[in-house]
Amino acid sequence: PRGLCRSIMSAQEQQQAQPPLPAAAASSEAAELDAANGYEAVVPHWFYCKVMDSRERWIPFSTQDSERLEEAHGSGRDKEDLVVPTSGGRYDVHLKKRQRVAVYWEEEVSEVRRCTWFYKGDKDNKYIPYSETFSKELEEAYMIAVTLDEWKKKLESPSREIIILHNPKLMVHYHPVATSDDWGSTPTEQGRPRTVKRGVENIAAEIPNGEPLQIDHLVFVVHGIGPACDIRFRSIIQCVNDFRNVSLSMLQAHFKKAQEQQQIGRVEFLPVNWHSSLHSTGVDVDLERITLPSINRLRHFINDTILDVFFYNSSTYCQTIVDTVASEMNRLYQLFLQRNPLFKGGVSIAGHSLGSLILFDLLTNQKAAPQEDEHSEEGSRTTSSNRGIEEVKEILKKLELSEYCDVFEKEKMDRQALFLCTEKNLKEMGIPLGPRMKILHYISSKMEMQVCLLHSLCSSRNCQYRDIGLGQVSANYPQLNYKPTIFFAFGSPIGMFLTVRGVKRINPNYSLPTCKGFFNIFHPFDPVAYRIEPMIVPDVEFEPMLLPHHKGRKRMHLELKEGLTRMSVDLKNNLLGSLRVAWQSFTRAPLPAVEAASTDAEAEAEAGMEKQPDTKPDETPAAVKEEASLVNVGRLNGGNRIDYVLQEKPIESFNEYLFALQGHLCYWESEDTVLLVLKEIYQTQGITLDQPLPGSQ
């Protein structure tokens, strides 16, 4: 049997083997050959393989990453296990293994390839790179053909596919024929030819430039219910990738001056996944055992998504969720600092749907002192510990239980630990029944006194404000290793959950212990989103802040709707005024003594109605807008507005029910949402937008 043909065949043999070229190609062949100058080495570009919908897709690295990989490859160190950070440090490429590995989350390892030659795929017309070994053979054949000006070269690939180099501009790839006889006949170039291209510049691939190396701020993003986060059923990792890409384009569009002056780099967004940890506890097996067999897909969907809300309201699984979220954010933070030792920026957190409620509950249970202080000096830790023990001693003295001070001191029991004690704990410490009952009664009475909101005072016997933590599931909320700068909630049900828990009003003086910024961002048709501000200022009706469009104006259909609403109000007022005047003239007509007075009244009414159109439409909306922006909504967001509503798109305004689900899942690709996040983050660093957007705070 004949071996694989790796050499260049003679021109005569190839002339006989090849199919006839189209007339147009044959006529232009001479011109193409004349245009071919001396040989120039091909410029390689690095790609990685991503499996999408059970199909492989080759994606180019950014220009920046590809150059870095090529430099490492050219240094000759790729025989070692050299690791090159790519994609802003979120992925590492192991050069020797040709593998791309995720740094911050679990993901399938991707194959990496140094690409020079490509052929067009069958189904989606995307170009697929040849293997590095075969690309070298193609390049050698091409070099000989250019140098000797001998074309129509035929090569056979390892998979018995035939590639013919007709001329520099026309190179084709043929699949082997499926039928073969017992004699092992060689494949022929039959079937539909596919285009072959040399060099990445000839395949029209979208190659990003790369991300700025400087990271100014870090944002952790927590997902809501279920494993899928948008209407395309993508994971939190993919959705946060979109959010990050939109942020890069918004930085270029609205922070260009700061970028040119090298004042800013970029904001890094990292996803936090808690769903997989929750459902790896074995609860899915228990649910499967009790789930009815009918409408199987719907029941499986409910078990995998909607039940997450019930899990969070269960003390057992709530503890699992908050532990996972806090530990994952702390782990990511430490790993990020290890990989970015020069990072001096702040950290913010963002949550979507149920994720925002998880973060809110975590933040309300943080200690006011920053966690970093606990790791600063041994002396300060000792002082803090001693102070806590002294507080416990004072409590025991009040209860006339001073003889047990040594027991509590031995167990290093501070005030917080005391309030977490159960009867079982006290029994294990050797505390007799009577003193146990006294201590437990004291703890329960103090817990009841915390019905008033943190940092607030009761103005009457019936407390006006309830504890923001009232009704929270009983859990030991972990501490974060950092103080978040801002908390962003997207499509959040926080307001609804607080109300259901029994919190009717939030004290205007209340602020999150370790986070001074809080923004509640929602789409007007989002069925899961609820407002926060009416819980702080219930006596005043005012609209949420309208987020300005990222291109700098209100959407046209909203302006049209506003204009029509104003016109209808004017018509209504004019009509009512005319009817009122007519009714007055009708009722007063039989009284001749008051004819002059009625005429005066009519004149005054008409004059009043003539004045109304001039003043009401123009002055009222402006006054309302000014009043809305000046409403005192307390300290939850440092005295600034909390609720921000997106502008719906024109097509969404036709049927709000139809776009309700989309409204809850739209935030990942919303330029307006991303721009608000960037604006608020960079405002803490004293950097503002190039051009202030109209209507922004």
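Helix axes are lines fitted to C-alpha atoms over the stretch in contact, and the angle between two of them runs from 0 to 180 degrees between N-to-C directions. The model examined here is predicted.

Helix α11 covers residues 315-339, and helix α12 covers residues 354-364. Their axes come within 10 Å. They cross at roughly 80°. Angles of 65 to 115 degrees count as roughly perpendicular, and α11 and α12 are therefore roughly perpendicular to each other. The contact is built by I321, V322, V325, A326 and M329 on the α11 side. On the α12 side, I358, L359 and L362 meet them. Eight residues of this contact are nonpolar, none is polar and none is charged.

Helices α5 and α23 form another pair. Helix α5 spans residues 236-254, and helix α23 spans residues 671-683. The axes lie 9 Å apart, and the packing angle is about 65°. Helices α5 and α23 are therefore also roughly perpendicular to each other. Their crossing is right-handed. From α5, the residues F243, V246, S247, M250, L251 and H254 take part. They meet E671, T673, V674, L675, V677, L678 and Y682 of α23. The residues of this contact divide into nine nonpolar, three polar and one charged.

The loop between α12 and α13 (378-398) holds Q366. Its relative accessible area is 7%. Buried means under 20%, so Q366 is buried. The Q366 side chain reaches the backbone oxygen of P478 at 2.9 Å. Neighbours within four places in sequence aside, Q366 is in contact with P478, Q479, L480, P513 and T514.

I295 is not a glycine, yet its phi is about 35°. This residue sits in the loop between α8 (283-290) and α9 (296-304). Exposed means over 50% relative accessible area, so I295, at 53%, counts as exposed. K412 is not a glycine either, and its phi is positive at about 55°. The loop between α14 (405-410) and α15 (415-419) is the place of K412. With a relative accessible area of 69%, K412 is exposed.

Definitions and conventions: Residues numbered from 1 in each chain as written. Predicted model: local features only at pLDDT ≥ 70, side-chain atom pairs only at ≥ 80, totals over all residues. Heavy atoms only, no water. Helix = DSSP H or I, 4+ residues; strand = E, 2+ residues; numbered from the N terminus. Parallel < 35°, antiparallel > 145°, perpendicular 65-115°, else oblique. Contact = heavy atoms within 4.5 Å. Nonpolar A, V, L, I, M, F, W, Y, C, P; charged D, E, K, R; others polar. Buried < 20%, exposed > 50% of the residue type's maximum accessible area, 1.4 Å probe, protein only. Polar contact = N/O pair within 3.5 Å; in protein donor to acceptor, adjacent residues only side chain to side chain. Left-handed = near helix turned anticlockwise from the far one by under 90°.
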